[in-house]
Every structure is written in C-alpha cells, then in structure tokens.
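Hi,

Here is the structure I said I would pass along.

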Amino acid sequence: MTNSRISGFYNLTLDERRAKLADAANQTPDSLLPWTTGGLSAESADHMIENVIGMYALPLGIGLNFMVNGRDVLVPFAIEEPSVVAGASFMAKLARAGGGYFATTSEPLMIGQIQVINVVNMNEARLKIYEHKAELLAAADEIDPILKKFGGGARDLEVRLIEGSPIGPFLVIHLIYDVRDAMGANAVNTACEKLAPQIEAITNGKVHLRILSNLADRRIARARCTIPVSELTMGFEQFKGETVRDGIIAAWAFAATDPYRAATHNKGIMNGVDAVVIATGNDWRAIEAGAHAYAARSGRYTSLSTWNKDKDGNLVGTLEMPMAVGIVGGATKVHPAAQAAVKLMGVKTANELAEIIVSVGLAQNMAALRALATEGIQRGHMSLHARQVAIAAGASGEMIEKVASQMVAEKVVRIDRAEEILKGMKVS
Ligand code: MEV
C-alpha cells in the first residue's frame, strides 16, 4: 500500500527523496530511473514527431498527501512553475481531515463529429440517418477489435441540425464511442472516416469534416472535498478558519460571475491538471480545449469549480470537467517517464487516472484561492520564484539560496538585483 505522507520531503536531497519515494510507493529505485535520466531516448523521440534534434526537459515533482477515494496516491507533476506542487500537497493534507478527495467518472465516451453539407432536405436526411443507426453503429464498432475486446466500441449516434452558419444549414452527426482506457482520438477519427461513404449514400449529401470533438462532455471527471473549518488556519494562524473559508467562497463567487476572473481561476485548476496530464504523456492541449469549452457551456464562461459551506460550516469544494486521458497508446505507452508515472500512481484504468487528475485540479484551485483570499500569492510565490531568478542570474550551488533569500528579504526579486548580489558575494 502506498503511503502519500512523507514528512520533511522538501528538505531532503534529490537522492534521499528518490529513496523515500521508492519506499513509500513500494517500488524498487529502478522504477524511478526514467525520471533521473529524462526517460526518452533520442531514437524514440525521433519516431514520435518530425525533424527531431533533441529533447526538452521539465522538472518532475511529487505531490504528497493525496488520498483519492480512500486510497493514498503519490502524484507526479511535470511543470516549470514554482509553488504548484507545494500548494497542491498542502491542500491535500488539509483535505485528509475530511476524508480526502471523493472522485467519480462517467463512462469513457468520446464524441466524433461528421459534418454533412450539400443536403437538399435536412429533416428527411436527419431522420434517414436515425433509420440506419443500427447498421452505422455496427460498422463503426468493427474498426478496433482490441478496443472491442476490452468492452469499448460504438455506443450511440445523434444528428444535429446546425443553422445560422456562414455557409447555410448543414448536418452534424455525433458518433458516441466508448474508448475504455485509451484517449480515443485515433479510434474515433478512424470510425468517423469509415462511416463517411455510408452517410453520403443515406443523405445524398457530402461528408466534409470527420474528426473527434475535444469538448468531451460525455467523459466527465468529478471530485469533491470537505475541509473542516479548523484545518483552514493551518499555516495561517493569524486568520480564523471561518475568515479563510468565507474568503475562499467570495473568491469563487468572483470567478462564477466574471469571465475575466474565471479564466485565471480555471488557469489555476489547470496548473495541477496539466502537470499530471503531461507527466503521464497525455495530450494536454486536448484537456485544455475541453476544459475551457466546458466552462463556457452555458453560453457564458464561468468557473469549473464551486466552493460553499456545508450545514456544519465546513468548506466544500467540487470540480467537474471533461477528462479525456488514456493509459494505453500514444506517448503514455512509448515514453518511459509516462509509464513510470502511471505505475507510481498505481492506476489500472484511464478512469482512475482521471479521478486523480480532477482531485489534483481541485486541490490546486483551493491552494490559489486560499492564498489569494488571505495574504495574496506573492509572498509564497516570490520565495520560490527568487530561486529561479537567482539561477537565471548565474548563481549555482549554495549561492542560489543565498541570493534568493536576500532578494526576498529586500522584497526585490529581479534579475538585475540578483546579478548585483551575486557580484557582491563573489568579490567578498
Ligand atoms: C497562477 O499560475 C495561478 C493563479 O493565478 C490562479 C488563481 O488566480 O486562482 C494563482
């Protein structure tokens, strides 16, 4: 059984952290090797994209304290931004007092879109497609025998009449496909392409686009947490728990009503979501597109999360968003670091991975709101950011911490000041 609580992790050396992590996750130190070497060979990279000349690395940090559906989980974050891993880990610690995160997922249903233009009679064509639904689904079902073997396949077909477009009305068929543990883009795109000739024959129209929709609103992940109000003072002893709770709720209310704030609020959620999506080799552009389109589904862009209090005055957070991630196929399969990430989390299905990711998004959101609603994010953020600025100014080894601390003490975290401090240290 994994133990996600490793005390003092932050203060250990890299080697010590690796040893502790392997121990806490019941894994051999070898299983962490893909992260110490970068994971991907140039040869593999050369097969993944075009014109490869090398690799681009990101820091890999571990989110601690997470308990999702009663199970401890150590969460790998691939991200360049300071404060994200620490923020999520701290919120996961507070959430434990309320039982951690409770997460669920819908069936892993993706939507493929088939655009049909040049249709003479829209209503007639629309109903004819429904008349042929069974045979169309049967044809789509055949395209991926492996997916079918694992219980996936074509599930449903819906026909939409799109009006008011610049080229006049057209039909769009939605093919609903159960992709099980895959992200599903390949299976769905292949199925949509395969159905095109039959659809043209049925409608007497012309099939134009055949492509997956990233607004994966049939593949939703949901997470909930309850934070006892007494926990909310931890680390913020100068504030009452009720003040922190009400501050978080008021911060959420801002995002719920104002798209300018909602964009930033949701960006904070995506700080956590993307970091795990990237660490597992999944397509973060797809997740981003789906998240923001879902946030605008009412016609007005709003918050993906909610924050309220329960009858006992505890803080309750929820997050609901599309989560098209896979654990088979794509980069997840070929990138050793992505495989190590899936192994570390001990997930056996794409849905389990989605449940962890949505929980991380909720934790990250709370970290940002808690800081913003109290002391502001700059104090915590700046001390971490200062280290990056010190490195950028040329500091190395123990100089990094010295230059960073001086800048924080002076409340001037800028590269020119870091260079000056560094010069002064080298002279003395
Ligand atoms: C920064 O990367 C993310 C935040 O701006 C999120 C938020 O404002 O809620 C702190």
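For the first item you need the cut-off: a charge sits over a ring if NZ of Lys or CZ of Arg is within 6 Å of the ring centre and within 35 degrees of the ring normal. Keep in mind that this is a predicted model.

With that in hand, take a look at Trp284: the charged end of Arg285 sits over its ring, 4.3 Å from the centre. There is another case at Tyr294, where the charged end of Arg297 lies over the ring at 3.8 Å from its centre.

Now the helices. α4 (residues 84–96) packs against α14 (residues 350–372) with the axes 8 Å apart and an angle of about 100°, so α4 and α14 are roughly perpendicular to each other. On the α4 side the contact is made by Val84, Gly87, Ala88, Phe90, Met91 and Leu94, and α14 brings Ala363, Gln364, Met366, Ala367 and Arg370. By type, the residues of this contact come out as eight nonpolar, two polar and one charged.

Further along, the axes of α16 (residues 398–410) and α17 (residues 415–427) come within 10 Å and cross at roughly 125°. That angle is why α16 and α17 count as oblique to each other. Their crossing is right-handed. The residues of the α16 and α17 contact split into seven nonpolar, one polar and three charged.

Cheers

Methods
Residues are numbered from 1 along each chain as its sequence is written. This is a predicted model: local features need pLDDT of at least 70, side-chain atom pairs count only at pLDDT 80 or more; totals for chains, interfaces and linings use all residues. Side-chain values use heavy atoms; hydrogens and water are left out. Axes are lines fitted to C-alpha atoms, for helices over the stretch in contact, and angles run from 0 to 180 degrees between N-to-C directions. Helices (H or I, at least four residues) and strands (E, at least two) are DSSP runs, numbered from the N terminus. Angles under 35 degrees count as roughly parallel, over 145 as roughly antiparallel, 65 to 115 as roughly perpendicular and the rest as oblique. Contact means heavy atoms within 4.5 Å. Ala, Val, Leu, Ile, Met, Phe, Trp, Tyr, Cys and Pro count as nonpolar, Asp, Glu, Lys and Arg as charged, and the others, Gly among them, as polar. A crossing is left-handed if the near helix is turned anticlockwise from the far one by less than a right angle, and right-handed if clockwise.
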